[in-house]
Number of protein chains: 2
Amino acid sequence: MSLSSMPDNIIVRLNRVPDPGVLPADIFDLVTEPVPELRSGQILVEILYQAIDAGSRGMLDSAAGYVLTVPPGDRLPASASIGRVFSSLSDQYGEGVLVRLFGGTRQRYQRIDPSRCVGLQVLEPDVGEPLHYLGILGITGFTAWLGITDICRPVPGETVLISVAAGAVGSAAGQFAKALGARVVGIAGGATKCQYVRDQFGFDDCVDYKAADFTERLAQACPQGVNSYFENVGGAVQRAAFALLRDFGRVAMCGQVAQYNGGGEVPGANLMTVVNRQLEVRGFLAHVHYHRLPEFMAQVGQWYREGKLVQPCNVVQGLENLHEAINSLVEGRNIGQQVHQLTASR
Amino acid sequence: MSLSSMPDNIIVRLNRVPDPGVLPADIFDLVTEPVPELRSGQILVEILYQAIDAGSRGMLDSAAGYVLTVPPGDRLPASASIGRVFSSLSDQYGEGVLVRLFGGTRQRYQRIDPSRCVGLQVLEPDVGEPLHYLGILGITGFTAWLGITDICRPVPGETVLISVAAGAVGSAAGQFAKALGARVVGIAGGATKCQYVRDQFGFDDCVDYKAADFTERLAQACPQGVNSYFENVGGAVQRAAFALLRDFGRVAMCGQVAQYNGGGEVPGANLMTVVNRQLEVRGFLAHVHYHRLPEFMAQVGQWYREGKLVQPCNVVQGLENLHEAINSLVEGRNIGQQVHQLTASR
């Protein structure tokens, strides 16, 4: 394809550090630039969908305490992307092929070096729902699987407690724990989400953290206490969950979304419980475990093919609506995997 | 020995739940009761010395969050005791023999069933300093050894940070980490203690948490960051220590003495660090690991015989001065193992 027929690229850049809370429409700039030139072996991917997750908000403000902060003017990393190969200097990935990759930045066209790209996978026409490869079969599912497999380590009959249970990672974590035979209790915001978590994701119970009697209801939902807790929220929910942990309980520390909107740190659990109950509290980041992706795909892919896993997606369309896609997640308006579709139609 | 020649027993009982802070002289009652009658195989031990540790204060008030709370009227458990066999119905422990045992209650004479007693050991006349068997060769050392061996897991060249470094557990933990080849930095209260920790316990550095520039000084003392942290204090020191932990850092959660004086919970570290640095934070209690005492004695006994270990003791005399023995520890007036001698002389 000749340079003259190349479309312009549109790149999202952070305009400024946002105030705490909801992102305004002008928080991002859309900047038009030439598409990058390919070198041998590389491919140019037209990005169609990108994952939105709690980190998408957390990375905008160092006050969020997120692992990564994007300075104003910079491009924004995504945790995973799906796109179509637009032009190719690779023998392996021809034009028109649909691919999923981990990472990617928020822009219309992205140059990829397949040999240096993690999670790059061709999505065959028969893979079913491609968006599942952003979600439960992608980095989201891998993150949930790591926390459940390595840290929560449920055995049949144990109680696993999952925060942000209606979210992409939480709903995946709970479904994996169910597949492993555990009793699974979720925590979510509002009666509608709680019902969804029970009825669609198949959790044994789900408790509304917005209810006035949340702490009591949570204790009732876990009459045997909690053997392991998948933590993604922090704050008051964290304190209530820690209080229910049994001796030798495990806590998979995946995130603390309660502080990702830039409002600063919220008080967490007093750690005396960690001593008294001999708890194991472990934080983890998915990227250092990428060598275990085949193990993940073998186990979760099997459950997926058996029809054990449910993965709804909530799609927000339009490059200019990225702020809205993030707000929807931070405000808890979505269920399942939040997805940003870069164009208005496929 | 006939019953008529039996002395009276004197038992310490908690008078009431203390107010936060220093214990008043009337917080304990000394109650005279007959000594218990022995059954076959049992021994009556005249208690000479008992360990005083942070839990001795923490157990007096449920607001301390300590693992154990003693209700008013009850007898007070000790973590370890040394005494002389006063009378015996045991073939194995004859009258006059000096023994160390884990546990025991704070009273003049205690009936022991050797078959059900943990850590019972005859202290031969040649064991050197018997009080070391309350401290670095006893439950104190075992606790420190568990945290260092199982959780901190230092390798040569790593930096291990130790809170309450002038205390019995902290000073033992630091000496064990040194013996394993780590660089060891302590945290203690005041210049005198810090100097003692450096000069006598052989830590590479020690930082005064009471200094106005504590946080900066701590960072300077750990230029490569902290690979593992032995936690015994909580509060502001905990937050400063967590901030220095490197990726994959380990935290041995042994206690939080900052809240043991009944003032209630103090804010701890925000746990986002646990996610971002992929930390392992684990609580432990010594008693569930008693089956590993032989392993402990093999390794620490070896270091002890090689002269690598230092264990000062601070002895407070008199049954009526138990409150003072505890106050001395809680106020940080002691260095090393705090010991309560039940009579005024051996």
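How many salt bridges does the count come to over all chains? Keep that in mind while we walk through this predicted model; the notes below get to it.

1. **The salt bridges.** By the rule used here, the count comes to 26 salt bridges over all chains. Now look across the interface of chain A and chain B: there the rule finds zero.

2. **How the two chains touch.** Now for the interface itself. Chain A puts 30 residues into the contact, and chain B puts in 30 residues. About 2300 Å² is buried between chain A and chain B, with carbon and sulfur atoms giving 60% of that area. Have a look at Asn270(A), Leu271(A) and Met272(A): they supply 25% of the area that chain A buries against chain B, more than any other three residues.

3. **What holds hands across the gap.** On chain A's side, the elements giving two or more residues are helix H6 (235–244), strand E12 (245–253), helix H7 (272–276) and strand E13 (280–283). Sorted by type, the residues on that side come out as 17 nonpolar, ten polar and three charged.

4. **A strand from each chain.** Three bridges join E13(A) to strand E13 (residues 280–283) of chain B, and the two strands run antiparallel.

5. **The symmetry.** Here's some background: two copies of a chain are related by a rotation about an axis and a shift along it. In this model, a rotation of 180° with 0.0 Å of shift along its axis superposes chain A on chain B, with an RMSD of 0.0 Å. The two copies are therefore related as by a two-fold rotation axis. Within chain A, the C-alpha nearest the axis is that of Val281(A), 2.4 Å from it.

6. **Which surfaces meet?** Of the interface residues of chain A, 100% are also interface residues in chain B, so the copies meet through the same surface.

Key: Residues numbered from 1 in each chain as written. Chains lettered and ligands numbered in written order. Predicted model: local features only at pLDDT ≥ 70, side-chain atom pairs only at ≥ 80, totals over all residues. Heavy atoms only, no water. Contact = heavy atoms within 4.5 Å. Buried area = accessible area lost by both parts, 1.4 Å probe. Salt bridge = Lys/Arg side-chain N within 4 Å of Asp/Glu carboxyl O. Helix = DSSP H or I, 4+ residues; strand = E, 2+ residues; numbered from the N terminus. Nonpolar A, V, L, I, M, F, W, Y, C, P; charged D, E, K, R; others polar. Pairing = 2+ DSSP bridges. Least-squares fit on C-alpha atoms with pLDDT ≥ 70 in both.
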